[in-house]
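Me: I have a model open and want to learn how to read its packing. Take me through it feature by feature.

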Amino acid sequence: MATTYDFPSDLLAGQEELHQVRAELSALLKRLPWSVEPLDGFSDTAGWRKVERPASPGWTPDEQAEVEKLRQREHELAVFITGHRFWTEVTGGERVDARMKLKHADADADADADVDS
């Protein structure tokens, strides 16, 4: 039988917020131009893999600030999660398993809710 862990609510909340911040950051980066600074486009068809980029207008100061804010929050949450007191209660060999279960705890809770419905 698979081991289950009684994660503290603040650790679960931190992991859930980390998922949300990373999803928001990923979506933002996909919307932004490929270069932070304005750059001309280029095409390199001579290499083993064709690479092309259109001209980039660069990011606005507001876009740069939003990316920085999200990256800073992502870092804070990662430090909070990895340094949480819960990990001292888990033996070394079980920490990897517990960490993987924490990463997917929200998906497991959603699946349990679907089964209970």
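Me: Which residues is Trp-87 in contact with, leaving aside its neighbours within four places in sequence?
Reply: Contact means heavy atoms within 4.5 Å. By that test Trp-87 meets Phe-7, Leu-11, Ile-81, Thr-82, Arg-95, Ala-98, Arg-99 and Leu-102. This is a predicted model: local features need pLDDT of at least 70, side-chain atom pairs count only at pLDDT 80 or more, and totals for chains, interfaces and linings use all residues. Residues are numbered from 1 along each chain as its sequence is written, and side-chain values use heavy atoms, with hydrogens and water left out.

Me: How many residues are in the largest nonpolar core?
Reply: First, burial: buried means under 20% relative accessible area, exposed over 50%, partly exposed in between (1.4 Å probe, protein chains only). A nonpolar core is a set of buried Ala, Val, Leu, Ile, Met, Phe, Trp, Tyr and Cys residues joined through side-chain atoms within 4.5 Å. Here the largest has 18 residues. Those with the most contacts inside it are Phe-7, Leu-11, Val-67, Phe-86, Trp-87, Ala-98 and Leu-102. Helix 1, helix 2 and helix 3 each supply at least two residues of this core. Helix 1 gives the largest share, 5 residues.

Me: What span does helix 1 have, and what is expected?
Reply: Helices are DSSP runs (H or I, at least four residues), as strands are (E, at least two), numbered from the N terminus. The expected span is 1.5 Å times one less than the number of residues. Helix 1 covers residues 9-31, 23 residues in all. From first C-alpha to last, helix 1 reaches 33 Å, close to the expected 33 Å. Its buried residues are Leu-11, Gly-14, Gln-15, Leu-18, Val-21, Leu-25 and Leu-28. They pack against helix 2 (61-82) and helix 3 (92-103).

Me: Take one of those. Is Leu-18 buried or exposed?
Reply: Leu-18 has 1% relative accessibility, so Leu-18 counts as buried. Not counting residues up to four places away in sequence, Leu-18 touches Glu-74, Leu-77, Ala-78 and Ile-81. Leu-18 and Lys-103 are 85 residues apart along the chain, yet their C-alpha atoms are separated by 9.5 Å.

Me: Which residues of helix 2 are buried?
Reply: In helix 2, Val-67, Leu-70, Leu-77 and Ile-81 are buried. They cover an arc of only 95° around the axis, which puts them on the same side of helix 2. The arc is taken from the directions from the helix axis to the C-beta atoms. Pro-61, Lys-69 and His-75 are exposed on the other side. The buried residues of helix 2 pack against helix 1 and helix 3.

Me: How many aromatic pairs does the structure hold?
Reply: Rings of Phe, Tyr and Trp (its six-membered ring) pair if their centres lie within 6.5 Å; planes under 30 degrees apart count as stacked, over 60 as edge-to-face and the rest as tilted. The structure holds 4 such pairs. The rings of Tyr-5 and Phe-7 have centres 5.8 Å apart and planes at 35°, so this pair is tilted. Tyr-5 is buried at 18% relative accessibility, and Phe-7 is buried at 11%. Ring pairs link Tyr-5, Phe-7, Phe-86 and Trp-87 into a cluster.

Me: What does the side chain of Ser-56 reach?
Reply: The side chain of Ser-56 reaches the backbone oxygen of Ser-35 at 3.1 Å. Ser-56 lies in the loop between strand 2 (51-53) and helix 2. Ser-56 is buried, with a relative accessible area of 4%.

Technical notes. Polar contact = N/O pair within 3.5 Å; in protein donor to acceptor, adjacent residues only side chain to side chain.
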